[in-house]
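Good morning, colleagues. Please turn to the sequence and the structure as I bring them up, and we shall go through them together.

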Amino acid sequence: MHRIYLDYAATTPADPEVIKAMESYFFEKFGNATSPHTFGREASKALENARETLAHFLGAKSEEIIFTSGATESNNQAIIGLAYHLKGKGNHIIVSKIEHHSVLEPIEFLAKQGFKITYINVDKTGLVDPHDIKKAIINQTILISVMYANNEIGAIQPVAEIGKIAKERKILFHVDAVQMTGHLPVNVNEIGADVLSLSAHKFYGPKGVGALYVRKGTPVDSYLMGGDQEKGRRASTQNVAGAVGLAQAIELCREKMSQEIEVQTKLRNKIINEVTKRIDGVTFNGHPTKRLPNNAHFSFDKVQGETLLTSLDMMGIAASMGSACTSGAMEPSHVLRAIGLSDDLAFGSLRITIGRWTTSEEVDYFLEQLPGIVKRLRI
Ligand code: PMP
């Protein structure tokens with residue numbers, strides 16, 4: 001059976017060019033980037049080139065990039081590292097209600113230690129209102145964290161406006177840019193981010209490598225304790241092959257971006273239009289235009305999302321209810337709750353995310369299969 005992958009927001013397959021670029025760093029150029037000999041220097045050079053490539057893509061300086069094991073680590077380090085460093089200055093943090101768990105969990109951890117948290121609501125399309133952020137700021141506010149694009153419903157947040165507010169009030173601004181990076185332009189200066197997280201496997205790079213952008217002068221404590229790598233900001237032997245892969249992946253995204261946006265937006269719009277036309281009792285979630293080019297998200301009346309996914313899988317189609325990280329959990333998604341969906345509708349949701357290798361034939365097959373499956377599950 002030809003298997004159709006419509007879950008690119010969970011993870012992407014690596015681009016073959018990425019693997020090709022990484023290969024020699026497992027074999028002849030396997031050195032430890034901190035070793036002073038030729039092997040080490042070779043690895044260090046590759047690492048610094050990768051850092052430069054990513055920095056250039058983000059409009060940053062290369063010394064502002066820390067390579068990490070992925071966005072979970074980047075988000076944990078950003079939130080806890082900043083909060084600990086700034087706790088003498090204040091103990092109040094502002095965060096949106098629809099952040100990824102890798103932001104919300106460290107926030108809860110801080111709350112238990114006495115930090116005060118203001119959770120900002122979103123409207124029914126999933127957008128944060130920058131005025132709500134402004135209103136929430138108090139003298140003790142040290143950090144604002146709002147994601148660039150939501151991983152479930154694809155809503156793109158007004159981060160540039162929020163960044164402006166943060167700058168005016170001299171508050172640090174963290175942006176989880178995991179779902180944006182590689183898919184739409186991300187420029188740390190345009191959005192006023194002081195700290196920004198990303199993960200390579202979301203843009204055709206390898207799993208287990210990500211980065212944290214830290215604006216020069218921003219105090220972020222090392223999260224892992226041990227060696228002095230990454231200028232003392234992240235202990236552990238650097239993943240040179242991973243960083244090379246991440247850099248190659250971002251280069252490819254940069255080259256292909258405008259064309260991919262165009263192709264994917266068309267396919268996504270077709271999915272949205274046809275699903276809402278062919279099926280009754282369907283709610284379209286997220287914002288109609290301020291959304292990722294590859295994301296379509298629906299809720300179906302009287303359908304169990306988990307059963308829908310199993311039925312699709314039996315027909316060779318891989319999709320998701322929303323976030324891969326919470327599937328299997330009994331609680332409805334916090335994001336869908338925040339946009340005001342009932343628990344029943346939240347449990348009946350379907351996220352379709354397309355990518356570099358999605359074809360229009362695959363989309364057509366999905367559109368042919370879905371109405372019958374939904375009908376059968378409703379009986
Ligand atoms: N933030 C967002 C918005 C995400 O979608 C994800 C991955 N689902 C993460 C953070 C965590 O990334 P990783 O699993 O690569 O650590």
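Which domains does the domain assignment give for the protein chain? Domain 1 covers 4–12 + 257–378, and domain 2 covers 16–252. Please bear in mind throughout that this is a predicted model.

Let me begin with how the two domains are placed. Taken over C-alpha atoms, the centres of domain 1 and domain 2 are 27 Å apart. Contacts between them involve 33 residues of domain 1 and 36 residues of domain 2. The size of an interface is often given as the accessible area lost when the parts come together. For domain 1 and domain 2, the buried area is about 2,800 Å², and carbon and sulfur atoms give 59% of it. On the domain 1 side, the residues that lose the most area to domain 2 are Thr 12, Met 257 and Leu 292, which together account for 22% of what that side buries.

I turn now to the ligand. The shell around the ligand comprises four nonpolar, nine polar and two charged residues. Helix α3, residues 71–86, gives the most to this shell, with three residues. Of the 15 residues around the ligand, those that come nearest are Thr 72, Asp 176, Gln 179, Ser 199 and His 201.

Which distances do we find to oxygen atoms of the ligand? For a polar side-chain atom of Thr 72, the distance to an oxygen atom of the ligand is 2.7 Å. An N or O atom in the side chain of Ser 199 lies 2.6 Å from a ligand oxygen atom, and for the side chain of His 201 the corresponding value is 2.8 Å. Taken alone, the ligand exposes 400 Å², and the protein buries 87% of that.

Key. Residues numbered from 1 in each chain as written. Predicted model: local features only at pLDDT ≥ 70, side-chain atom pairs only at ≥ 80, totals over all residues. Heavy atoms only, no water. Near = heavy atom within 4 Å. Polar contact = N/O pair within 3.5 Å; in protein donor to acceptor, adjacent residues only side chain to side chain. Areas by Shrake-Rupley, 256 points an atom, 1.4 Å probe, with all protein chains shown as cover. Helix = DSSP H or I, 4+ residues; strand = E, 2+ residues; numbered from the N terminus. Nonpolar A, V, L, I, M, F, W, Y, C, P; charged D, E, K, R; others polar. Domains from an automatic or database assignment. Contact = heavy atoms within 4.5 Å. Buried area = accessible area lost by both parts, 1.4 Å probe.
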